[in-house]
Amino acid sequence: LEAARTGAALLDQSDCGVLLVVGDRAEAPLQQMLTSDVGAVNPGECQLAFMLDEDSRLIDDVCVLRLPEDEIGRDRYLLRTNPENHERVKAWVRAMSDGYTLFDSQDIFRKVEGPLIVEDLRLADEARCMVVLSLRGPRAPEMATAVENAPGYRFAIADDRVDLALPASQAQAVYDRLVEAGAVPAGPETRRALRVSGPAGTAPA
C-alpha cells in the first residue's frame, strides 16, 4: 500500500470489463441509466457513476469515458465495469436500450431512449480486445505520461487514479514501460485493501 500512498501502484485489472456504447443519441439513454451527468462530459473526460435497476438497486459502479464521435457522427462511450458485475451491466444496457425491459413498472410507455450498439471489448477479436491497467497514488498522472503515446484510452478518474484501457496485445509492453518509469507492481492484496479503504463514492479498485 505504500506505493499507493506516496508514489504510484500499478494494478493488473484485466478482469474488469470494457463496453463500447455507440448510438446516434447515446448520451440520452446513458443519462437515464446512470446517476452522473453524462451530458456534462466532454470527449476525453470521464465520470464515476452508479448504475441502478428499475427498483433503484445497485447493478454496478462504473466509469464512463466519452470518446469523439465516430466517422458518421454517432456518440461513443466506454464503460469500465467491475468484474463481478460486468455481465449484469452488459445485459441491462442492451435490454434497456432495445426496449425489452420496463424502466418503470407503473408506466409501460416509459422506455430508455435508444437504440444503442453495445460491444464487449473484452470479448472482441484479437485486434480489438481491450484490458485494463490501473495506476493508483499521487504520482499516477505522472506515471501515465510515460505511456501517453500508447494505443488505447485513458480514464483520468482522480488526481490519484488513472485507468488505462489497452489493446490486449500491447498490455504487457505498457506494463513494463510503467514499471521502468517508476510504478510499483501491486498484487491482489493491495487491490482489495484499496477497494475497502478508498474514499466513499469512488469506484472499487
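**Close-up views of a predicted model**

**View 1. Ala156 and its bridge partner Val162 in β9.** In β9, the residue bridged to Ala156 is Val162. Strand β8 (residues 153-158) runs antiparallel to strand β9 (residues 161-167), the pairing extending over 5 bridges, and a hairpin of 2 residues joins β8 to β9. Strands here are DSSP runs of E of at least two residues, numbered from the N terminus, and two strands pair if DSSP finds at least two bridges between them. This is a predicted model, in which local features need pLDDT of at least 70 and side-chain atom pairs count only at pLDDT 80 or more, whereas totals for chains, interfaces and linings use all residues. Residues are numbered from 1 along each chain as its sequence is written, and side-chain values use heavy atoms, with hydrogens and water left out.

**View 2. The second largest pocket.** This pocket holds about 190 Å³ of space, and among its 14 lining residues Leu20, Leu121, Arg128, Met130 and Tyr153 lie nearest the centre. The lining comprises 9 nonpolar, 1 polar and 4 charged residues (nonpolar: Ala, Val, Leu, Ile, Met, Phe, Trp, Tyr, Cys and Pro; charged: Asp, Glu, Lys and Arg; polar: the others, Gly among them). A pocket is an open set of points on a 1 Å grid over the protein atoms alone, where a 1.4 Å probe fits, with protein on both sides within 12 Å along at least five of seven lines, and lining residues have an atom within 4 Å of a point. The volume is the space filled by probe spheres set on the points, which are joined across faces, edges and corners.

**View 3. The salt bridge between Glu119 and Arg128.** The closest N and O atoms of Glu119 and Arg128 are 2.2 Å apart, a salt bridge being a side-chain nitrogen of Lys or Arg within 4 Å of a carboxyl oxygen of Asp or Glu. Glu119 is partly exposed at 24% relative accessible area, and Arg128 is also partly exposed, at 37% (buried means under 20%, exposed over 50%, partly exposed in between, with a 1.4 Å probe and protein chains only).

**View 4. The salt bridge between Arg66 and Asp75.** Arg66 and Asp75 form a salt bridge whose closest N and O atoms are 3.7 Å apart; Arg66 is buried, with a relative accessible area of 13%, and Asp75 is buried as well, at 9%.

**View 5. A network of salt bridges.** Salt bridges link Glu87, Lys90, Asp120 and Arg122 in a network, and the whole structure contains 12 salt bridges.

Note on methods:
Helices (H or I, at least four residues) and strands (E, at least two) are DSSP runs, numbered from the N terminus.
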